[in-house]
Amino acid sequence: MTEHETQHTDVVVIGLGPGGETAASRLLEAGLGVVGIERELVGGECPYWGCVPSKMIVRAAGTVSEARRVDQLAGSATVRPDVAPVARRIRAEATDGWDDTIAVERFEKLGGQFVRGSARIEAPGRVRVGDQVFAAGRGVVLATGSRPATPPIPGLDTVASWTNREAIAAEVVPPSLVVLGGGAIGLELAQAFARFGSSVTVVEAAEHVLPAEEPEVGDLLAEVLRADGVDLRLGRRAVRVTDGADGPVVDLDDGSRADGTRLLVAVGRRPALDGLGLEHYDIDPRGRAVPVDEQLRAADGLWAIGDVTGVGAFTHLAVYQAEVAAADILARPGTGADYAALARVTFTDPEVGSVGLSEAAARARGVDVATGVAPVAASSRGFIHGPGNAGLVKLVADRATGVLVGATAAGPVGGEVLSMLTLAVHAGVPVEDLRRMHYAYPTFHRGVLDALAGLAAGR
Ligand SMILES: Cc1cc2nc3c(=O)[nH]c(=O)nc-3n(C[C@H](O)[C@H](O)[C@H](O)COP(=O)(O)OP(=O)(O)OC[C@H]3O[C@@H](n4cnc5c(N)ncnc54)[C@H](O)[C@@H]3O)c2cc1C
Ligand SMILES: NC(=O)c1ccc[n+]([C@@H]2O[C@H](COP(=O)([O-])OP(=O)(O)OC[C@H]3O[C@@H](n4cnc5c(N)ncnc54)[C@H](O)[C@@H]3O)[C@@H](O)[C@H]2O)c1
């Protein structure tokens with residue numbers, strides 16, 4: 001294609017997941033011309049293979065688990081778990097059979113020019129898709145997300161294994177499942193499949209599941225998962241994978257084995273950077289992330305948002321970064337991205353919500369730390385709740401400033417209890433003010449008051 005056939009626009013957005021879609025929408029609403037390029041489905045990982053369908057599976061599995069508590073609380077119930085209704089729900093309600101027609105129409109209705117295909121940067125501000133070339137007057141937004149990491153385990157490439165995509169699309173529960181990785185994806189799906197009747201083994205290299213979170217949470221989740229029948233192999237690495245008679249067989253570094261009819265690999269995600277032509281902006285495409293400043297600028301005329309930035313892999317973070325980048329592109333001065341109160345929730349049962357720094361991360365930064373921990377089961381609401389009341393609230397305070405720098409709320413609705421803690425960390429609410437607040441009785445969030453008492457005792 002010659003230069004005069006190049007199409008000119010203001011901004012080219014590469015990747016229309018939650019980050020790219022949000023940035024494109026803000027720029028279109030402000031009147032800019034936007035070309036949006038997507039090689040798979042508009043909406044990205046979250047609505048089709050990530051957050052939304054996985055939480056539908058978690059919700060369904062949670063119902064199975066709650067129904068099993070009827071005998072202890074309210075009579076008797078016979079539960080015959082069946083994954084078919086949620087598999088149908090994922091197809092009919094969440095993904096439209098993995099069809100993005102409605103999302104494409106939404107984008108075009110806003111005035112965006114949609115291009116389906118794989119984008120490649122061929123010079124700063126010039127992006128090619130097949131034989132179409134787009135020149136971006138204001139700049140390019142890189143929002144290409146991430147893909148599952150593949151660990152270099154001998155034999156892994158010789159067996160059929162699942163990523164999150166096959167697990168989400170499953171219409172039957174495998175009789176047995178080995179999950180490599182006890183992080184967010186591994187645990188949410190391991191617990192759900194176990195509750196649907198699969199015999200699940202989780203192999204986690206660290207000594208705790210969810211190793212980035214507080215170790216107390218790892219201990220708590222280990223207990224709950226074991227009660228769900230999950231076989232946890234902690235501090236273990238896979239050294240070889242082979243094909244057995246019934247499915248993959250995983251040899252571990254202590255000489256033990258884990259075998260299942262299916263193997264789910266969930267050992268983290270890597271930014272999708274190959275073949276993008278990032279070298280035209282002097283960015284290493286083999287890097288673990290695209291380095292960005294607080295306005296999400298990666299180079300002159302290039303912004304990067306979402307999973308590719310390596311700050312964290314969360315939809316709300318991609319959307320937050322998209323807002324900051326769009327404001328910068330529109331020359332609307334803002335304060336820039338701030339991650340001090342980054343919140344996240346792992347939707348196991350109990351849910352694990354956390355914000356800011358863990359105790360270990362705070363100590364590593366030299367913070368003079370005070371902590372307070374309160375178990376949910378010891379609170380009035382935890383006592384009332386009875387079965388399924390595992391959880392805790394942990395607060396991490398900076399003694400020098402008297403504010404929280406991090407907090408964890410694990411338990412029933414832990415992700416909702418987290419909201420007040422996110423506000424406290426975000427706004428730097430003094431611990432003394434948190435002590436003087438009203439906490440309605442008997443709520444789960446009153447556990448924060450109990451943890452504050454622990455904080456005082458530890459000072
Ligand atoms: C199983 C699972 C559960 C999750 N649950 C949660 C949750 O509960 N809460 C939460 O906050 N987060 C969750 N996440 C994480 C969340 O899905 C991601 O953080 C989020 O989707 C990132 O958005 P993004 O826009 O950066 O990238 P993505 O959603 O990955 O979108 C990037 C898009 O770019 C496209 N693309 C890539 N390269 C090119 C190219 N060269 N040309 C054109 N298009 C390209 C891709 O096809 C993709 O559609 C979950 C993830 C998984 C896998
Ligand atoms: N609820 C949510 O917000 C949610 C849910 C799912 C995924 N996500 C996002 O997606 C990202 C990716 O999820 P993930 O669970 O794949 O990654 P993760 O980084 O959360 O967890 C991966 C786990 O695998 C372990 N591991 C690494 N190599 C291993 C090996 N060879 N053998 C055994 N264990 C190994 C790690 O110690 C870690 O605990 C998450 O970091 C998260 O940001 C978010």
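Predicted model: local features only at pLDDT ≥ 70, side-chain atom pairs only at ≥ 80, totals over all residues.

Analyst: Here are the labels in turn, each set against the value behind it.

User: Let's start with Gln 295. Why is Gln 295 called buried?

Analyst: Buried means under 20% relative accessible area. Gln 295 comes out at 14%, so it counts as buried. It's found in the loop between β15 (269-271) and β16 (297-299).

User: And what does Gln 295 touch, not counting residues up to four places away in sequence?

Analyst: Trp 303, Val 324, Ala 325, Asp 328, Gly 334, Thr 335 and Gly 336.

User: What about Leu 296: what makes its phi worth a remark?

Analyst: Most residues other than glycine have a negative phi. Phi of Leu 296 is near 70°, a positive value in a residue other than glycine. Leu 296 lies in the loop between β15 and β16. Its relative accessible area is 0%, so Leu 296 is buried too.

User: Which value does Leu 210 have for phi, and where does Leu 210 lie?

Analyst: Leu 210 has a positive phi of about 40°, although it is not a glycine. You'll find Leu 210 in the loop between β9 (199-204) and α9 (215-227). With a relative accessible area of 6%, against a cut-off of 20%, Leu 210 is buried.

User: On to helices. How do you describe the packing of α3 and α5?

Analyst: Two packed helices are described by the angle between their axes and the distance between the axes. For helix α3 (residues 51-67) and helix α5 (residues 84-94), the angle is about 145° and the axes are 10 Å apart. The crossing of α3 and α5 is right-handed. On the α3 side, the contact is made by Val 52, Pro 53, Met 56, Ile 57 and Ala 60. From α5 come Val 86, Arg 89, Ile 90, Glu 93 and Ala 94.

User: How many residues of each class are in the contact of α3 with α5?

Analyst: Eight are nonpolar, none is polar and two are charged.

User: How do you know that the buried residues of α5 line one face?

Analyst: The buried residues of α5 are Val 86, Ala 87, Ile 90 and Ala 94. Seen down the axis of α5, they fall within an arc of 110°, so they line one face of the helix.

User: What covers the buried residues of α5, and what follows α5?

Analyst: The cover includes α2 (45-49), α3 and α7 (164-169). After α5 comes Asp 96, whose phi is positive, near 55°.

User: What makes the bond from Asp 349 to Pro 350 a cis one?

Analyst: The value to look at is omega, which is near 5° there, and the peptide bond is cis. Pro 350 is found in the loop between β18 (343-346) and β19 (351-356). A cis peptide bond also joins Tyr 441 and Pro 442, with omega about -10°. The place of Pro 442 is in the loop between α14 (431-436) and α15 (447-457). As background, most peptide bonds are trans.

User: Why is Ala 318 called buried?

Analyst: Ala 318 has 6% relative accessibility, so it counts as buried. Ala 318 lies in helix α10 (residues 315-329). Leaving aside its neighbours within four places in sequence, Ala 318 is in contact with Gly 19 and Gly 306.

User: And Ala 266: buried or exposed?

Analyst: Buried, since the relative accessible area of Ala 266 is 11% and the cut-off is 20%. Ala 266 lies in the loop between β14 (262-265) and β15. Ala 266 and Gly 186 are 80 residues apart in sequence, but 5.4 Å apart in space, C-alpha to C-alpha. Beyond four places in sequence, Ala 266 touches Leu 180, Gly 181, Ile 185 and Gly 186.

User: Last one: which residues does the "FAD/NAD(P)-binding" domain annotation cover?

Analyst: According to the unreviewed UniProt entry, that annotation covers residues 10-322. Over residues 10-322 the chain is 31% helix and 25% strand.

Methods: Residues numbered from 1 in each chain as written. Chains lettered and ligands numbered in written order. Heavy atoms only, no water. Helix = DSSP H or I, 4+ residues; strand = E, 2+ residues; numbered from the N terminus. Buried < 20%, exposed > 50% of the residue type's maximum accessible area, 1.4 Å probe, protein only. Contact = heavy atoms within 4.5 Å. Axes fitted to C-alpha atoms, helices over the stretch in contact; angles between N-to-C directions. Left-handed = near helix turned anticlockwise from the far one by under 90°. Nonpolar A, V, L, I, M, F, W, Y, C, P; charged D, E, K, R; others polar. Arc of directions from axis to C-beta. UniProt positions renumbered as here; feature names shortened; annotations may be inferred.
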